[in-house]
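Have a look at the structure first, then read on.

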Amino acid sequence: MSPTQWDFPVELCCRPMAFVTLTGLDVVYNAVHRAVWDAFCANRRADRVPISFKVLPGDHEYPKCRPKRNNYSIITKFSILGFLSFFLFFFFFLKILFIYLTQREITKREKLSECAIRQRKMSKTLRGQNMKFRRVFLTALWDLSIGEDVTASERAAALCNACELSGKSLFVLPHTDHLVGYIIRLENAFYEHAQTYYYTEIRRVKSHKEFLNKTTHQLLFVRHQFKIAFFSELKQDTQNALKNYRTAYNLVHELRAHETNILEIKTMAGFINYKICRLCFQHNTPLDAIAQFRKHIDLCKKKIGSAELSFEHAAWMSKQFQAFGDLFDEAIKLGLTAIQTQNPGFYYQQAAYYAQERKQLAKTLCNHEASVMYPNPDPLETQTGVLDFYGQRSWRQGILSFDLSDPEKEKVGILAIQLKERSVVHSEIIITLLSNAVAQFKKYKCPRMKSHLMVQMGEEYFYAKDYTKALKLLDYVMCDYRSEGWWTLLTSILTTALKCSYLMAQLKDYITYSLELLGRASTLKDDQKSRIEKNLINVLMNESPDPEPDCDVLAVKTAQKLWSDRISLAGSNVFTIGVQDFVPFVQCKAKFHAPSFHVDVPVRFDIYLKADCPHPIRFSKLCVSFNNQEYNQFCVIEEATKASEVLENLTQGKMCLVPGKTRKFLFKFVAKTEDVGKKIEITSVDLVLGHETGRCVVLNWQGGGGDAASSQEALQASRSFQRRPKLPDNELHWDSIVIQASTMIISRVPNISVRLRHDPPALTNEMYCLVVTVESHEKTQIRDVKLTAGLKPGQDANLTQKTHVSLHGTELCDESYPALLTDIPVGDLNPGEQLEKMLYVRCGTVGSRMFLVYVSYLINTTIEDKEIVCKCHKDETVTIETVFPFDVAVKFVSTKFEHLERVYADIPFLLMTDLLSASPWALTIVSSELQLAPSMTAVDQLESQVDKVVLQTGESASECFCLRCPSAGNVEGGVATGHYIISWKRTSAMGNVPVISTVITLPHVIVENIPLHVNADLPSFGRVRESLPVKYHLQNKTNLVQDVEISVEPSDAFMFSGLKQIRLRILPGTEQEMLYNFYPLMAGYQQLPSLHVNLLRFPHFTNQLLRRFIPTSIFVKPQGRLVDDTSIAAA
């Protein structure tokens, strides 16, 4: 009974296809025949018809057909199934004879006679076979594409006559470039014959049912129904095949089951179930397949059969689950979608479970003594080497009786099966199934199922004595169980891993697993922990440990020899074990006393240790490592003890740990001044167990301690609301200790004061004075005092570019001055002494700025009887707001003080400036200056009108300048006016503070040319009934002679004399005067008679434009007496 006995036969698992044999082809030596065979078989696409081809020699001997039966009453030695391979690989429905003929040979009688002889010979060999017979003649030059060729038809008729065949039995296959196309057309013809043939076979099998009765032929009902389904599959009618398979499955379970035929019934049920599930997956109905499989398992799981062979039932169940898992996986590869809760991994897992059950049953039932020999002759052997029918016993094939005719023979057969089963490597089968399940659960992201099965794989490797692979798998899954806190499962895994490491004599692994099994994560009893602790100490003393329980005797003997070799070999005796990935029996926490230490104060920290082993244990050395290795030498505790004292019950030693008690070790050291501003971190804590004379183990904690379970325990402790029990004053609750593995070294606390004095806000571009006062409160002299002042780094880059700092207030800062002055030497200061330093800041833009004043110095101090030089520093920051000193408003007005949107060429206009003080401090306007652009000229001399003017907050000062713009043509965007420069400073500033010049760019103005300019000369006022002379000047501004029409419109307040209406010509660049005498009639502001000018060449020149240049009204005084005038003057 080989391990493959329970595998499904190949003919059951493959896809059923029609079987066609080809003869007459020499595929080895004939290239043409080889090309024909490759066209049939090589690179078959999915769209080609499903047919299986095979080449047979001409003298092949074919199987004989059984004689036809019309009566089944005498048949008793029939079983259910045994014909699958016959119909798939031997029973062909069509045989094709290939004969190669050329066009010349096809007309020769000798060649036709040879063809006829070969045909008759083959017909004779197939006489009595129930199959169709067809022939294919192959020619290289005969092309059927010529259509109705009379000669070709005659040749075909001659060949059919010579072979005594009908025309339908002849196929012509031309050997051309389109050979594959002709082959496909030929296959389609074969497929049509196959459909007809299998349909006939199905009808023939159905016709046999009338000869059957359920009393005598129960098995034949199943057999015939299976045949109908199988022929339907060959016919590619899968729906009918599925229907008939379901009927056959129900008929199987209607059979009377007995211990003698239960195996055959289960075998047939398994085969038919496999077919049903395969077709359901093929029809894309996976739920039907799953339902069918569950039904199959429910019906068969209790049909165990003989109790002495119950392991066979477990093997059969295992194979059912494995086969369904394979079908499920194959369907997924073809496009089916699976989920986490329904994937092939569950079926592989169940298959592995039954394989493990088979192993246990075989261990119980096949435990024969060594004296029991295998039976001779072998009851499991048959004449042909195979069974005629699936599921039957080899010593009683075809016997359908429930009574055992030969009990002794039955007993011998059972013994042979049991002895065969004993030689089966069950662990190999189990591991293969578990590996398949792990791959599936990994694919569908089921980590816990994967870890669970990997543990089972590791245990099977252990039972198979492959300890290396077992240890590798178990070590891989331990991390998951540690991180999730499955301590009971972890303990079981560690126990197996410890056995593996002992049997392989792996020193480091044995020590590591022993350390963890002694720890708090282990659920072992105290006596087991004591045994492991004793073995660990033996290993550290260079002695062999005691064997682990429940290990194979031969494996233990081999392991003891390996341990002896380990002891005798000289090698490294120091084992460094990083504990961050497992849970040892010692816990460690490091904690600095403060998150930061001044450089003049010793750095202090504590190391807390707690042991969880059953007995007190003594360590030999404790050392702490830092990121700066120069401090390592100050943090070492070492105790010289003998190797035999490791487990002695002594609690007085400074390195002895008592189980359940927290031990604290204090360390301190002086930080180096170079580490000021740096972080000091504990990189590792090393605890040494053992001595170099034997072996020693270095437990290494990364950082400030903690192992694989620490984070989870800390989280649980933080969420717990239970009150901790009260402990003595010298003891601490372990959960209350928080790891703090790093601290910062900061500079010594400065004992100086830094004060800043200034008058905010700062004004744009002024030299703003900031007075820094430094006073020493130290008890000794401070040296090398340095000052760093200016704009605090990290602010906007635009502020940095527009801020400049200087120590000299008499000079204006330019772009070369920095924004921050660094390391300005100040000198030394004695106790109580103070100094002042004046800084000048120039801010080019408005806004808030943060300024930094940083004072550093050196001082000698003593710490732990060691004198060091400390660098102290103190900084102050201040935010200064920068504002504009004043607002400047500029406007253009006419000589009549009317607002101008544009000016006229060569016509005087006024530029007015208004300075409004926006400073909270008084400002002194030292002077002002108007720098005109080349396009502008001054009518009068340009002089400052605001010299030495002091402006308080909100006050303003104005200036007025009369300008003229010569004709400049059409300038787009206007003409530049120039710059207005204001020189100013704070009124409160000292005399040596430079004056600030603020340059205001004047706006551009639009300049237009006018053809005629008119201005008037008249007194500033008039008097009633007194003559008022008025002279108008008309100036031609063009290069043309101007025809001018002038008229004066009278006013009710005046009489006048002069030309009321006139027309005249004005030469280019010349001026014409018009003189009038106005006689006022009423006092007050009166409207003058209106002058109207009309230019014939420039009709757009309007009187509205004219009124911009000449006055339109005048103040008229009332007529008075001389006496009154005198009194008025006196008043």
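Strands here are DSSP runs of E, at least two residues each, and both they and the helices are numbered from the N terminus. Keep in mind that this is a predicted model.

1. Phe1115 sits in strand S46, residues 1113-1117. Together with Phe1021 and Tyr1085, Phe1115 makes a nonpolar surface patch of about 340 Å².

2. Now the inside. The largest nonpolar core has 188 residues, and those touching the most other members are Ile272, Phe605, Ile607, Phe619, Leu622 and Phe626. Helix H9 (residues 262-282) gives the most to this core, with 12 residues. Apart from it there is another core of 33 residues, including Leu1012 and Ile1114.

3. Phe619 is worth a click: leaving out residues up to four places away in sequence, its contacts include Phe585, Met655, Leu689 and Glu639.

4. Two cis peptide bonds to check. Asn376 to Pro377 has omega near 5 degrees, and Pro377 lies in the loop between helices H12 (344-365) and H13 (407-422). Pro760 to Pro761 has omega near -5 degrees, with Pro761 in the loop between strands S18 (752-757) and S19 (762-763).

5. Buried or exposed, which is Asn284? Exposed, because its relative accessibility is 56%.

Terms used:
Residues are numbered from 1 along each chain as its sequence is written. This is a predicted model: local features need pLDDT of at least 70, side-chain atom pairs count only at pLDDT 80 or more; totals for chains, interfaces and linings use all residues. Side-chain values use heavy atoms; hydrogens and water are left out. A nonpolar core is a set of buried Ala, Val, Leu, Ile, Met, Phe, Trp, Tyr and Cys residues joined through side-chain atoms within 4.5 Å. Buried means under 20% relative accessible area, exposed over 50%, partly exposed in between (1.4 Å probe, protein chains only). Helices (H or I, at least four residues) and strands (E, at least two) are DSSP runs, numbered from the N terminus. Contact means heavy atoms within 4.5 Å. Patches are made of residues with over 30% relative accessible area and no salt bridge: like charges are joined within 9 Å, nonpolar side chains (Val, Leu, Ile, Met, Phe, Trp, Tyr) within 5 Å. Accessible areas come from the Shrake-Rupley method with a 1.4 Å probe; for residues, only the protein chains shown count as cover. A salt bridge is a side-chain nitrogen of Lys or Arg within 4 Å of a carboxyl oxygen of Asp or Glu.
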